[in-house]
Amino acid sequence: MEEKKQPSTGGSHFVGKKDELIEAKRSFRTLEGRDVLIIHHQGGFYAMDSYCYHAGGTLQNGDIEEIDGKLCIICPKHKYKISLAKGECIYKGTDPREKPPVPRWYSKGVKQRTHTVTEINGDIYLKLSEDTNWIESDYYQGEKGKVERAKAEAAEKKTS
Ligand code: FES
């Protein structure tokens with residue numbers, strides 16, 4: 001019979017004690033080769049791919065704000081707003097057909113892969129997303145994306 005590492009948690013990974021993760025607010029973990037950011041904010045846990053889908057910015061230090069009723073992390077690099085719950089990118093725009101055009105929040109759809117966080121008796125587990133569709137943040141988890149992230153970091157260091 002095939003042996004599984006964590007048969008009782010169904011593919012979930014233990015990522016830390018609840019109290020520790022609350023105190024840390026943002027925690028970085030690598031699970032099955034995937035770099036994931038775990039966030040505790042306003043009493044809730046969230047998890048998403050660690051690098052912004054747009055150009056691989058590190059989301060770990062992004063501010064969190066409620067925008068249009070959704071908690072969003074704001075990528076420090078170019079300020080894209082990504083919802084914590086679904087990984088949806090939202091932006092403010094105007095519809096030129098409206099007279100006068102009124103700025104509103106629009107969605108670009110799910111761009112950042114999010115993962116499932118659960119608590120069992122004070123222990124926090126993370127289950128990686130099993131959505132088989134390509135989600136744009138997947139790119140920066142792959143080898144090509146890693147090379148690009150490294151190049152961008154080196155270029156930033158040169159200019160700073
Ligand atoms: S890399 Fe995140 S907004 Fe551009």
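Two strands count as paired if DSSP finds at least two bridges between them, and that is the idea to carry through this tour of the fold. Helices (H or I, at least four residues) and strands (E, at least two) are DSSP runs, numbered from the N terminus. By that reading, β8 and β9 pair in the antiparallel sense over 6 bridges.

Two notes on the model before we start. Residues are numbered from 1 along each chain as its sequence is written. The model is predicted, so local features need pLDDT of at least 70 and side-chain atom pairs count only at pLDDT 80 or more, while totals for chains, interfaces and linings use all residues.

**The annotated region**
- An unreviewed UniProt entry places the feature "domain: Rieske" at residues 12-111; UniProt positions are given here in the numbering used for this model, feature names are shortened, and annotations may be inferred rather than shown by experiment.
- Over residues 12-111 the chain is 7% helix and 51% strand, with the end C-alpha atoms 23 Å apart.

**Strands β2, β3 and β4**
- Strand β2 (residues 26-31) runs antiparallel to β3 (residues 34-41), and 6 bridges join them.
- These two strands form a hairpin with 2 residues between them, where glutamate 32 in the turn has a positive phi of about 50°.
- β3 is also joined by 6 bridges to β4 (residues 44-49), again antiparallel.
- The hairpin of β3 and β4 has 2 residues between the strands, and glutamine 42 in its turn has a positive phi of about 45°.
- Isoleucine 39 in β3 is a handy landmark: arginine 26 stands opposite this residue, and isoleucine 39 stands opposite tyrosine 46 in β4.

**The five-stranded sheet**
- An open sheet is formed by 5 strands in the order β5-β6-β7-β8-β9, with antiparallel pairing.
- β5 (63-67) and β9 (104-110) stand at the edges with a single partner strand each, so one side of each is left without a neighbour in the sheet.
- From one strand to the next the twist averages 40°; axes are lines fitted to C-alpha atoms, for helices over the stretch in contact, and angles run from 0 to 180 degrees between N-to-C directions.

**Pairings within that sheet**
- β5 pairs with β6 (residues 70-74) over 5 bridges in the antiparallel sense, and aspartate 63 stands opposite isoleucine 74 in β6.
- β7 (residues 81-83) and β8 (residues 88-93) run antiparallel and are joined by 2 bridges.
- The hairpin of β7 and β8 has 4 residues between the strands, and glycine 87 in the turn has a positive phi of about 75°.
- Isoleucine 90 in β8 is the bridge partner of lysine 81, and serine 107 in β9 is the bridge partner of isoleucine 90.
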